[in-house]
Amino acid sequence: MSSQSIILLRHSLVACICAAAMQYSYAENVTSFESALAKVQSYQTQDKPWQQVQQISELNIQQSRLWQNPSISLEQSGFGSGQEQEFNVGVSQPLDLFGQRKLNRVIANTSNQQIQLQQQLWKAQSQLIVKFAWSQFALAEVEQSAYSVQLKTSKVNLDSAQKRYQAGSIALVDFERAQIEALEIQRLYEQAMLNKQAAGRQLSNLWGGETSSHLQLNKTAIPWPEQSLQTVQRYIAEGWLEKLYALNIQQSDHQIENLRIQARPNPTLNVGMKRSKTPNESNDTTLAIGVAIPLNIFNRQQYAIPMVQQQQILLNQQQQRELKQQILDIANSMHQLKGLRSQFDATTAQVTLATKVQSRTLLGFQAGKLSITDVQQATTQLQNLRLGQLQILRQAWQTALAAEALSIGTSYEEISRSDAYTQLNKKAVEASQNLINGGAR
């Protein structure tokens, strides 16, 4: 075998190994919220939107340090040989006596701090979006499991009814009722399967729509939002919203200071040279230095500054109201979540008791002591209790996620959208656009 063939074979083996490794990584099981989050973060970080925003913010800081550009003027008069000729060169440089450049640096640094806080909130919201999608799949798994158990129960009922019908113990109409019940449970089970598949696709879309990953949750554990209280407390302790609101007020202060600087007569230094040439070929060169001072007589920002001050008052009041309302809503949600847990535990006890009643009712029917109607009533009661428990579980997740969303300044409606991650990435683009617009002033 030639050396070239060996090299080609080596490259082929490396390609196969890499392909197998990629296939194994994509076939990796997703068994918990943590594994789903890791998979989403691995995919979503390929775009790195906030790293680009951070780069723009750093460039904005560098831009704020620059001086204003000078201007140069050239003027020539007298072009004939018998005329007196004059050539003027002038350079004008705006001075910064009142700290405009320093203020620009402060504004850029404040914007950078805002970007960093927004990035923290963005990460928290991205995790919340994944948690919502994962919770929907977990709830769909619970629903499918409940109907699976119910389907087995209805089949046992149907088998018992068929045996009694064949033995002549019950009428045909009773056997047909059992068939109708079994077909309805079968339909609901298939619907639950479709819901689970849809929830799985919605979750897998967060890592690029790749659906070969195995979504296998722990069916023995109840997917109750146990960690929501700790998550909310941690987000509140971080104080991201309070810090961001404080920076908003700082930006308003900077805007007021910027208007005050504009109201002051910032001078412009003018340096020029004039060269004159008379018809008798005598030359005369003179240097001129002057200062141009604007007369801020009519526009002293006397109305713009009070407008911004009033806006600042409104902004501060609005932010304080939002923070207060968020704390109240979060407290109400946590109280409601505690009550839902009590209801869930009570329903669990009811399901256990109803399962025993249904089993004993079926034994009584098989022994000829009870009717098919008794079996159907016990089975329906068990099904309603399971569905009620599932409904409590859904409400608990919605309440918990709504509280977590409030703690980072967003809402349940925002994180539950089908395009929530797309809308979230738009915030990074908007943040970069605000930086560019602010630096262009």
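The following questions and answers concern a predicted model.

Q: Why is Thr 410 called buried?
A: Buried means a relative accessible area under 20%. Thr 410 has a relative accessible area of 10%, and is therefore buried. Across the chain, buried residues make up 36% of the 441 residues.

Q: Where does Thr 410 lie, and what does Thr 410 touch beyond residues up to four places away in sequence?
A: Thr 410 lies in the loop between helix H9 (372–407) and helix H10 (412–415). With residues up to four places away in sequence set aside, Thr 410 touches Gln 125, Ala 405 and Ile 415. A contact requires heavy atoms within 4.5 Å.

Q: What makes strand S3 and S4 a pair?
A: Two strands pair if at least two bridges are found between them. Strand S3 (residues 268–277) and S4 have 10 bridges, so they pair, and the sense is antiparallel. As one example of the bridging, Met 273 has Leu 287 in S4 as its bridge partner.

Q: What makes S1 and S4 edge strands?
A: The four strands form an open sheet in the order S1-S2-S3-S4, with antiparallel pairing. Strand S1 (71–77) and strand S4 (283–292) each pair on one side only, and these are the edge strands. From one strand to the next, the twist averages 15°.

Q: Which share of the contacts between residues at least 6 apart in sequence joins residues at least 24 apart?
A: The share is 80% of such contacts in the chain.

Notes
Residues are numbered from 1 along each chain as its sequence is written. This is a predicted model: local features need pLDDT of at least 70, side-chain atom pairs count only at pLDDT 80 or more; totals for chains, interfaces and linings use all residues. Side-chain values use heavy atoms; hydrogens and water are left out. Buried means under 20% relative accessible area, exposed over 50%, partly exposed in between (1.4 Å probe, protein chains only). Helices (H or I, at least four residues) and strands (E, at least two) are DSSP runs, numbered from the N terminus. Axes are lines fitted to C-alpha atoms, for helices over the stretch in contact, and angles run from 0 to 180 degrees between N-to-C directions.
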